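Here are my notes from going through this one. Have the viewer open alongside, and take the points in order.

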Number of protein chains: 2
Amino acid sequence: MARLNNETIDDYTNHLIELLKKNANLQFREEFLQLHPTDQAEIYAKLVKEQRQNLYEMINPEEMADIFQALELQEQKELILELDQHYTSEMINHLYTDDAADLLSQLDESAAHALLKAMDLEDANDVKELMAYPPKTAGAIMTKEFISLASSHSAQQVIEQLREEAPNAETIYYLYVVNEQDQLVGVVSLRDLLTAQSNELVQNLMSSRVVSVDSDTNQEEVAKMIKKYNFLAAPVVSSDGTLLGIVTVDDVIDVLEDEATEDLGEFTAARGATDINVSAFQSAKLRSPWIVLLMFFGLLTAGVIEQFEETLNQIILLAAFIPLLMGSAGNAGTQSLAVVVRGLALGTLEKKGLFRILLKEFSTGMMIGFICAMTLLLIIPIFYGSYMVAVIVGMSIFCSLSVATIVGATVPLIIHKLKIDPAFASGPFITTVNDILGLLIYFTIATSLLHYL
Amino acid sequence: MARLNNETIDDYTNHLIELLKKNANLQFREEFLQLHPTDQAEIYAKLVKEQRQNLYEMINPEEMADIFQALELQEQKELILELDQHYTSEMINHLYTDDAADLLSQLDESAAHALLKAMDLEDANDVKELMAYPPKTAGAIMTKEFISLASSHSAQQVIEQLREEAPNAETIYYLYVVNEQDQLVGVVSLRDLLTAQSNELVQNLMSSRVVSVDSDTNQEEVAKMIKKYNFLAAPVVSSDGTLLGIVTVDDVIDVLEDEATEDLGEFTAARGATDINVSAFQSAKLRSPWIVLLMFFGLLTAGVIEQFEETLNQIILLAAFIPLLMGSAGNAGTQSLAVVVRGLALGTLEKKGLFRILLKEFSTGMMIGFICAMTLLLIIPIFYGSYMVAVIVGMSIFCSLSVATIVGATVPLIIHKLKIDPAFASGPFITTVNDILGLLIYFTIATSLLHYL
């Protein structure tokens, strides 16, 4: 199928709209259906309502199913409402079961129920099954369109079977072997099957110690397993080993990207609140607890500073450098955090010694601290006229950056080991810890120096 | 091939080491080779040097190639040094060209050169070709082991060809059709081929408007394209359309994960410095410019506070709440940043109106600010005994959180539109901007209130 790049998509959309306007329906249909469904979907989403109504008359429900599969869930949800019910149920019959289940779970219960009733009984049952699994599990993301074989068939027989079943399967490249009770007993790749003698039996070709996941396995674990073994799909089984469905690599890419960007939420103490599709009120409800919790830590820093009110009274200029010190320590700590979190995510960290990591971060912190201290020793006397403050700030930044990198590297490692809520290893929490330590260092140095002078 | 889960890997490793100790070489070999190469690699990496030496005598270079392919690059680099050169060059002959090129680029030049000389000429040339492409381009990550067809062949002929070539191809599920000048003219999936009549010609089965990428296309773009169209592979062509290689979906997963975790670096102003395998000195060199640059912004905040020295002199307690105010504004801003950056990464944001996003973030900021202000109006009088300071801090936190969410949401959007270095949209930069705004708000409110009272 032809595929368009971003520039041509716009041109092509205009071209197709022109055809619609001219009522050149046959030509429109022919050109449109030659495109890759992903591009069809992109064009479809750009049409105005009237043009879409035209489209529905030219495109049958089966063709529409391909387009729908390529739309974002949110778009599917909005567009399905303008289709008539008969057309919709026909189309859903032709969706892969995982996509059908995702779509129906977006609709309100009565609409979903009505559509399920109008669907083919077998398809409807498959979809209902998928909808019953808890979200973000293997069961919820798997599809029912897999190919299963009997181990007693020959390679040739299987190829005959594939000719029949291929059009309705999500992948035909991994073939799953089941016994009479539909229990998974082996897997054979189409590659092995093709290169085998045509009378060779499946049982001699298949690998019998087959990888599978339970239907309640977390989707991230499924994704990591598929990634680790470079699989194109993984079979999902019930507790008694019955083959229930498959998870394919394209779904896994979405899961991995979703999880990686979800980490941004954890990283910024906005956990579970980075979805763009929630209301301001909902968003405030999810985000304010973190801000308020962190604010209470902030009250601790206020307590620290209050303890040193006398020192501050002697040199009020010290207050001016509180943000600079806190900011620098916070930034250095967050960098260390990023290094360690990335190492944990990519699995490159486990192989290094823990001690070596900490030593490296500490050395890095000292070096950066030294550079900052030297810079400030030069600049502060020039702009603020105080050598005393320059020395205090310089010494403080050196010490607090060294400490900050240690904190930034240690906290996520501890969190990882203890398996507590990773949101607590996020930037804001580490920054807050570093704030308090940095202020203590600052005012301790300031008070001591003032004392001795 | 059998695959093990994490618990059994350890047991199985011990079991295999026992076999090695008992010199039960045949049994070891048989059991070991039954495992999936990913598991073989995991066990291999756990062996001590003496056990590994034993292994090399039992496993031939071709079998070793499968294991090497499943190791991390860093491990490959360390382990290859203990193999003898003849064994190594034989093994590299059996690596996929992309893996061979990756490995050789890790070695020092003379070692790589010696190995290339000892390799089969054709393989060596393929590897040299890949090594010549700039890193992180389609050319650098592609492999040469693809299957190309003539359009004049029949489905049956192609299947015969596959029987021959399948063992050496990285994927046989997408077949690329080339003309006599090796220019890419079409693509046909094995699925379509299998379901076709056996005498049907490739030219009637193939899609002739085929998607391809240039060899100098950025790897992230290749990955996004494969993800968008749910491909298993994408062909890479030269400027004149000659088919050079393919990029497969498993490589793309690594690229997407790598890019997503690299975003953490951008997010924390540690860009390009989140690799765990660099020295402390190197790390300080990469990270210190950001810290120093941000420190100069910090000097601006010092300037702001200095302007309000008189106000501070009147109520020294105001200094105590600087960190709390700055921290809260920073956190709220970073949350908004996470929402927008995630939306941009997942592509869910483009479809919402820009204005709606900003309005939502602003409303969220006001609500969170209101909650924080109310909390502080209660707490500060109790613990710090000053209604005046409570009012100043409360009003300031309400205003600065509202502003901070706007800043956190706007900056990445502007950066995205202007296509400037996204590191400037990172948490630390936004936090610094919010620091300055927050302090201005704080001291302006304080000074005005003191003036009127």
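1. Let's start between the chains. A:Asp254 and B:Lys227 form a salt bridge, with their closest N and O atoms 3.4 Å apart. The contact crosses from helix 16 (residues 249–267) of chain A, where A:Asp254 sits, to helix 15 (residues 219–228) of chain B, which holds B:Lys227. Keep in mind that this is a predicted model, and that the distance here is a computed one.

2. How exposed are the two partners? A:Asp254 is partly exposed, at a relative accessible area of 38%. B:Lys227 also counts as partly exposed, with 27% relative accessibility.

3. A:Lys228 makes a salt bridge with B:Glu42, and the closest N and O atoms are 3.0 Å apart. Because A:Lys228 belongs to helix 15 (residues 219–228) of chain A and B:Glu42 to helix 3 (residues 37–46) of chain B, this pair joins two chains. A:Lys228 is partly exposed at 31% relative accessible area, and B:Glu42 is partly exposed at 24%.

4. Now for a pair within chain A. The side chains of A:Glu63 and A:Arg29 meet in a salt bridge, 2.8 Å from N to O. A:Glu63 is in helix 5 (residues 61–69) and A:Arg29 in helix 2 (residues 25–34) of chain A, so the contact ties together parts that are 34 residues apart in sequence. Buried or partly exposed, which is A:Glu63? A:Glu63 is buried, because its relative accessible area of 17% falls under the 20% cut-off. A:Arg29, at 27%, is partly exposed. For the overall tally, the count comes to 14 salt bridges over all chains.

5. Two backbone spots are worth a click. A:Asn230 has a positive phi of about 55° although it is not a glycine. You'll find A:Asn230 in the loop between helix 15 and strand 5 (233–237) of chain A, and it is partly exposed, with a relative accessible area of 41%. Over in chain B, B:Asn23 has a positive phi of about 60°, and again this residue is not a glycine. B:Asn23 is placed in the loop between helix 1 (6–21) and helix 2 (25–34) of chain B. Its relative accessible area is 57%, so B:Asn23 counts as exposed.

6. On to a sheet in chain B. Three strands make an open sheet in the order 1-2-3, with mixed pairing. Strand 1 (148–150) and strand 3 (184–189) of chain B are the edge strands; each has a single partner strand, so one side of each is left without a neighbour in the sheet. On average, neighbouring strands of this sheet are turned by 40° against each other, direction ignored.

7. A closer look at one pairing in that sheet. Strand 2 (residues 174–178) and strand 3 of chain B run antiparallel and are joined by five bridges. If you want a residue pair to centre on, B:Tyr176 stands opposite B:Val187 in strand 3 of chain B.

8. Last, the domain layout. Chain A is divided into domain 1 (6–141), domain 2 (148–262) and domain 3 (280–452). How far apart are the C-alpha centres of domain 1 and domain 3 of chain A? Those centres lie 52 Å apart.

Technical notes. Residues numbered from 1 in each chain as written. Chains lettered and ligands numbered in written order. Predicted model: local features only at pLDDT ≥ 70, side-chain atom pairs only at ≥ 80, totals over all residues. Heavy atoms only, no water. Salt bridge = Lys/Arg side-chain N within 4 Å of Asp/Glu carboxyl O. Helix = DSSP H or I, 4+ residues; strand = E, 2+ residues; numbered from the N terminus. Buried < 20%, exposed > 50% of the residue type's maximum accessible area, 1.4 Å probe, protein only. Domains from an automatic or database assignment. Pairing = 2+ DSSP bridges. Axes fitted to C-alpha atoms, helices over the stretch in contact; angles between N-to-C directions.
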